[in-house]
Amino acid sequence: MGIVSPGESLAPGELLVILRHAPHGSSWLREGLEAAMVAAAFGREVGLLFTGEGVLALLEGQQAGALGQKGSDNLLAALEMYDVERCYVDAAALERRGLSENDVSLLPVTVLAHADVVALTQCFSRVLSF
Amino acid sequence: MRYALAVYGGPYSQQASHSALRFAEALLARGHQLTTVFFYHDGVYNAASMMAPPQDEPHLRDRWLGLAAQGETRLQVCVAAALRRGLLDEREATRHGKQSYTLEAPFELTGLGQLVEATLENDHLITFA
Amino acid sequence: MDNVVNNCMNLHLLNRSPFSSRVYEDVLNAMGSEDQLLLIEDGVNGALSSAGHYLAGLEGRLFALREDLESRGLSGRCSESVIVVDVDGFVALTEAADKTISWF
């Protein structure tokens, strides 16, 4: 985790998956993560950007819903197995929710300020958003 | 240019399907190629064989069929999202012991890998959600 | 930021009204200085004169889809700084962009 050092962390990539919905309330987050994993399993170079409510996916202590519905924590745990190593979180989205980089401990992530979020959307050649 | 569309919005719930169809028709009119429409999330309901809207409303499934009939566009439906929502082709229906099926050609059940392919192999992917 | 990357121009598609959804904040946060924003579906509510403060600073880069304005009866209430395009213009915007990013 840490502040991005440009040129290194923001190297070109093939597919950026933007996740901006929270776990449990809808299937957007799980479906986005599944798309990212499939892309990685196909050997594609994938990056993840958690922004908006998506930053809540990174909080510890999540569990299945009362009826047993899955959240996203089990998918996040599998990311490393799929070689999805470029994970980023939008600093502004964190701040609006009263969170800091110490709160997003579920995954090793790089916190990005506005200019680097822009750079990230530019350095990946394709984007899928969820 | 080669285009693919991703449709995530449910028909008759969100405007997404209408927007995607309008965009599809306009891009063909401008001489582009539409290789793939990929249905995911609630967008999979666009493929429902039993869709029966009132006659004075656009029949979205038929509009997708019309698009596919123009030749070059594949209508691909995420199999995992579809099965969860009760959209099964004949093969899946048999496999799951169901008495009828709810999805048929030209819609095809495919894996998410096809969305990734469509995203990476076309010049543009436009998402309607 | 611009010394980090190539001169890439993205088109952003927003289909949620800024009066009811704050997704526009995430869009603005991800927009480069050359990027364009097209409002479609409920997003066109952001083209109202009264919505100017939500999407400030996008002069010449803020578009709205004509048919979605018209179906909502909003054509005459649109801010002068918003460029109205038809669906053909929508396709043209995607042609000119390196990629199109949807926000919903």
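In this predicted model, 26 residues of chain A are in contact with 20 residues of chain C.

| Item | Value |
|---|---|
| Area buried between chain A and chain C | about 1900 Å² |
| Part of that area on carbon and sulfur atoms | 56% |
| Salt bridges between chain A and chain C | three |
| Residue pairs in polar contact across the interface (both at pLDDT 80 or more) | 10 |

What does chain A bring to the side that touches chain C? The elements giving two or more residues are α3 (91–96), α4 (114–123) and β6 (124–129) of chain A. Of these, α4(A) gives the most, with eight residues. Sorted by type, the residues on this side of chain A come out as 13 nonpolar, nine polar and four charged.

A:R96 turns up again in the charged contacts: its side chain meets that of C:D26 in a salt bridge, at 3.8 Å from N to O.

Now for A:N74, which lies in helix α2 (residues 73–78) of chain A. Why does A:N74 count as partly exposed? Its relative accessible area is 37%, and partly exposed covers the range between the 20% limit for buried and the 50% limit for exposed.

Note on methods:
Residues numbered from 1 in each chain as written. Chains lettered and ligands numbered in written order. Predicted model: local features only at pLDDT ≥ 70, side-chain atom pairs only at ≥ 80, totals over all residues. Heavy atoms only, no water. Helix = DSSP H or I, 4+ residues; strand = E, 2+ residues; numbered from the N terminus. Buried < 20%, exposed > 50% of the residue type's maximum accessible area, 1.4 Å probe, protein only. Contact = heavy atoms within 4.5 Å. Buried area = accessible area lost by both parts, 1.4 Å probe. Salt bridge = Lys/Arg side-chain N within 4 Å of Asp/Glu carboxyl O. Polar contact = N/O pair within 3.5 Å; in protein donor to acceptor, adjacent residues only side chain to side chain. Nonpolar A, V, L, I, M, F, W, Y, C, P; charged D, E, K, R; others polar.
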